[in-house]
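Trainee: I've got a model open on my screen and would like to walk through it with you. Can we start with the overall layout and then zoom in?

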Amino acid sequence: MSEKENLNEQNVEVGAEKQEKKFCEYCGNEISPDDKFCSNCGKSTEVKEKIPLICECGTPYQEGQKYCSKCGAKLGKSILDKIKVEDSTKVEDEITEEDISENKGMAVLCYLGILLLIPLLTKPQSKYIRFHSNQGIILMLAGIILTIIFIIPILGWIVGLLGYIFIGVCGIMGIINAIKGKVKRLPLIGKYNILK
């Protein structure tokens with residue numbers, strides 16, 4: 001083997017080593033490309049996708065863009081930033097046992113349509129009430145949307161009926177959780193927070 005071929009092989013090996021080096025974005029520890037979790041801090045090594053930026057009119061836009069290309073509105077925060085999708089443990093950890101025991105009965109009203117205003121207005125400082133009110137508001141909004149969909153013949157009736165059944169089941173689950181003093185999110189809709 002000639003010296004030139006030997007040097008080329010060494011360069012290929014060095015290039016492969018450089019490509020394989022990967023670092024944890026949380027602690028800076030060097031990790032293997034095959035590792036799914038960092039051996040130093042235990043965090044996931046997978047790259048998270050960026051949430052797209054969307055104008056209030058529904059048009060996607062690039063970071064740094066000042067005005068919407070479709071409606072001309074001044075761009076600030078993305079509409080997706082307004083609906084917070086939070087880690088489900090954050091809100092729940094702030095709710096105390098005392099808050100739960102004092103407001104179990106009132107929390108039931110959060111799942112009875114417009115009656116959710118009673119606990120929300122009488123106990124605005126209660127995080128337990130706010131948690132259940134948030135879910136009650138989302139159920140109520142979903143009901144309004146389904147009522148509009150229900151106007152469409154056949155397909156709207158099917159979607160509306162299935163949606164009403166889902167909302168009814170979620171409402172019953174919410175009432176049971178409120179009575180038992182549980183701070184448990186409802187399926188599908190529970191991850192959205194309207195109330196801060």
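Trainee: How many helices and strands are there in the chain?

Mentor: This is a predicted model, so local features need pLDDT of at least 70 and side-chain atom pairs count only at pLDDT 80 or more, while totals for chains, interfaces and linings use all residues. Residues are numbered from 1 along each chain as its sequence is written, and side-chain values use heavy atoms, with hydrogens and water left out. Helices (H or I, at least four residues) and strands (E, at least two) are DSSP runs, numbered from the N terminus. From that end the elements go α-β-β-β-β-α-β-α-α-α-α-α-β, and the count is seven helices and six strands.

Trainee: How do α6 and α7 run relative to each other, roughly parallel or roughly antiparallel?

Mentor: Two packed helices are described by the angle between their axes and the distance between the axes. Axes here are lines fitted to C-alpha atoms, for helices over the stretch in contact, with angles running from 0 to 180 degrees between N-to-C directions. The axes of α6 and α7 come within 9 Å and cross at roughly 165°. Angles under 35 degrees count as roughly parallel, over 145 as roughly antiparallel, 65 to 115 as roughly perpendicular and the rest as oblique, so α6 and α7 are roughly antiparallel.

Trainee: Which residues of α7 make the contact with α6?

Mentor: Contact means heavy atoms within 4.5 Å. On the α6 side, the residues include Leu 139, Ala 142, Gly 143 and Leu 146. From α7 come Gly 156, Val 159, Gly 160, Gly 163, Tyr 164, Ile 167, Cys 170, Gly 171, Gly 174, Asn 177 and Ala 178.

Trainee: Is Gln 135 buried or exposed?

Mentor: Gln 135 sits in helix α6, residues 127-149. Leaving aside residues up to four places away in sequence, Gln 135 touches Tyr 111, Lys 184, Arg 185, Leu 186, Ile 189 and Gly 190. Buried means under 20% relative accessible area, exposed over 50%, partly exposed in between (1.4 Å probe, protein chains only). Gln 135 has 2%, so the call is buried.

Trainee: What class does the pair of Phe 150 and Tyr 164 fall into?

Mentor: The structure holds one aromatic pair. Rings of Phe, Tyr and Trp (its six-membered ring) pair if their centres lie within 6.5 Å; planes under 30 degrees apart count as stacked, over 60 as edge-to-face and the rest as tilted. Phe 150 and Tyr 164 have ring centres 5.9 Å apart and planes at 55°, so the pair is tilted.
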